[in-house]
Structures are given as C-alpha cells and as structure tokens.
Amino acid sequence: MKFSILVAAYNARQYLPQCLDSLFGQTEKSVQVIVIDDCSTDDSLPLQQSYTKVRDNCVLLLHTPHNSGQAEARNLGLHYAAGELTLMVDADDWLAPDCLERIWEAYTQAPDIDAVTMRLMLHDDDGSEREWNDPSLLPAVMTGAEACAYTLERKLHGLYAVRTSIHQEFPFDTTSRLYSDDNTTYIHYLHSRRVARSGGIYYYRQHDASTTHQMGISRLMFLRANISLRQQLEAADCDAHTLSLCERHCWENYVGIYRQMQRLSRTTSLTEEQEDEIRDTLHEAYEQLCLDRLGKHKCPYPLFRLKQRLIMWIKG
C-alpha cells in the first residue's frame, strides 16, 4: 500500500461526497482511505457507511467515543494507517485526480525523501480559486530543517504526505482542541531527512463555517498551541535560527490575538468566567514568551498592557 489518507468528519454531509469521490477517483489506486466520524449529528454517517459498502477493503470507517476534535480523531485513524505515506484531507476539501500520483513521483526521486508537499489551491464559496503561494520560490528538494524554517516564515504550508513511520512516532498534537494539530507539521518536517515539492494539488475550501475561520474566545487556543510548539522545538534541540523564527511566529500571533481579545471584551457580552479565561490565558502566554531570541526586552506584563492600550487608542 502506497498511501493512507486520514479524513476526520464531523457534520460534513454537504461537502463529504466531493472529498471522498476525489480520493477514490485518484489515478494512483494503491490507497487506503480512513474516515473517522467524530460523533456527527447530521446525516453524514449513513453517507460514510454507504462508501464502505460499495468499496473494497481500501476504505475503513472508524468512530470516536465522543466528539473530541480533528486531532484526536485523526490520531485514532493513524493507528490503522498501513500505507508507506500518510496524509490528511479535511472533510470539506478535495484532491486533484492525479495528486497522489504526483506525490509518489516526487517521493521516489531519492531514498532519503521522507515528506512531500502539495500545491495548495484556495477555493472560495463564489467558486474563485487562487494558489496560496508560488511554489517555485522554494527549492524543489529541501532539508527537513529548511522546510520547518520555511513554514515558520509562512513560506511553506502544512499540506503534505509523510512516511507513516514518522507520523506514527509523532502523532497530531492534542494540547488544545483547535490549532495545536498544526504543530505536527513543523515536527514532521524537522524529523524528515529531505522534503520534496510535488505538483499534486490540494483544494482547500475557504468558508465561514471552517474552524480555521472561526473567531471569538476560541482563538485563545492558538496561544496554548504556540506554547506547545515552542516546547516541542526546544525539546528537539533546534538551532538558534529556528528557535528565533518560532519566537517571531509566537510573538506576532500573541500581539494579534491580544488585540482581538481586547476588542472582543469591549464589543461582546462575556460571562465572568470567560473574562477570567481571557485574562489568565493572555497573562500565561505572555510569561512564556522568550523575546530575548528576537533581541527584544520583555517588559513587565502590566507595562505591556499599558503600551497596547495606548497603541489601540491611537489606532482608534
């Protein structure tokens, strides 16, 4: 088996047929599709079951014991991955028909290639599409450390296939219900000897219902995910350059989310418990920052808050 594909599905009836049809319609047929239903409450489960009836043993349907989020659902599927390479596809996204074939071509260029990236095409609800970046700006083959650095610099995305042995050694990060699963990208790249680009296209659906587009207090989970990312890169003994890139990534996220939370507190009726969560999480995440890696002096938190209040007042 060449590929295992993890599809975590929760109330995805509207989009799931296009996703699954694209996986079963691949020009590369050595594929295992693992669908993990995360306790859906719509009628997507009968749809998933119908695919298992009409397909052979290349499709496996699993169920989480309770609604637990994409990372834990995918990790359940990861236990059953039998392909040489594993990738994940969101239930509302899909692949171009020759995507896996193109990935395999890139993967078999050299024996030390452990991960292969795809081209990322952003698809809007109005049907318009645009490529996330110009892939030719990156090397055709890079070291794992280079790929990790490019991702921290937002020059490379996290849609790729990786050796299943690496993925099973480093499963999805479940530190927080949202966002921490993205940390796994950096770790997989970092532990790959070399990472190759492929011409395979991943279509990413952008719509307001997507978890990556949801705002509100749930954005605090991004800060917890960033703390976990920093800890994992430190544990991996990354070089100073990679740690500084990580810190810039965390710092920029922190400032943006801090300001979002301040606006949220002013414009939304929050409970006392929610206000406490915002205050405590922002404070904790600030104390975890290592701004000396950026050549910055970290002032005491009350002073930081005062500076941000002034900046936000000036900006209106």
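How many bridges join β6 to strand β7 (residues 129-131), and do the strands run parallel or antiparallel? Three bridges join them, and the strands run antiparallel.

The model is predicted, with local features requiring pLDDT of at least 70 and side-chain atom pairs pLDDT 80 or more, while totals for chains, interfaces and linings use all residues. Residues are numbered from 1 along each chain as its sequence is written, and side-chain values use heavy atoms, without hydrogens and water.

View 1. In β6 (residues 113-124), 11 of 12 residues are buried (under 20% relative accessible area, 1.4 Å probe, protein chains only). Strands are DSSP runs of E of at least two residues, helices runs of H or I of at least four, and two strands pair if DSSP finds at least two bridges between them. β6 runs parallel to β10 (residues 194-206), joined by 10 bridges; Thr117 has Arg197 as its bridge partner there. Towards β7, Met121 stands opposite Glu131.

**View 2. The hairpin of β6 and β7.** Four residues lie between the strands, and Gly127 takes a positive phi near 90 degrees.

**View 3. An aromatic cluster.** Ring pairs (centres within 6.5 Å, for Phe, Tyr and the six-membered ring of Trp) link Trp251, Tyr254, Tyr258, Tyr286, Tyr301 and Phe304. The charged end of Lys298 sits over the ring of Tyr286, 5.6 Å from its centre (criterion: NZ of Lys or CZ of Arg within 6 Å of the ring centre and within 35 degrees of the ring normal).

**View 4. A charge over Phe172.** Arg74 lies over the ring face, at 5.2 Å from the ring centre.

Definitions and conventions:
Rings of Phe, Tyr and Trp (its six-membered ring) pair if their centres lie within 6.5 Å; planes under 30 degrees apart count as stacked, over 60 as edge-to-face and the rest as tilted. Buried means under 20% relative accessible area, exposed over 50%, partly exposed in between (1.4 Å probe, protein chains only).
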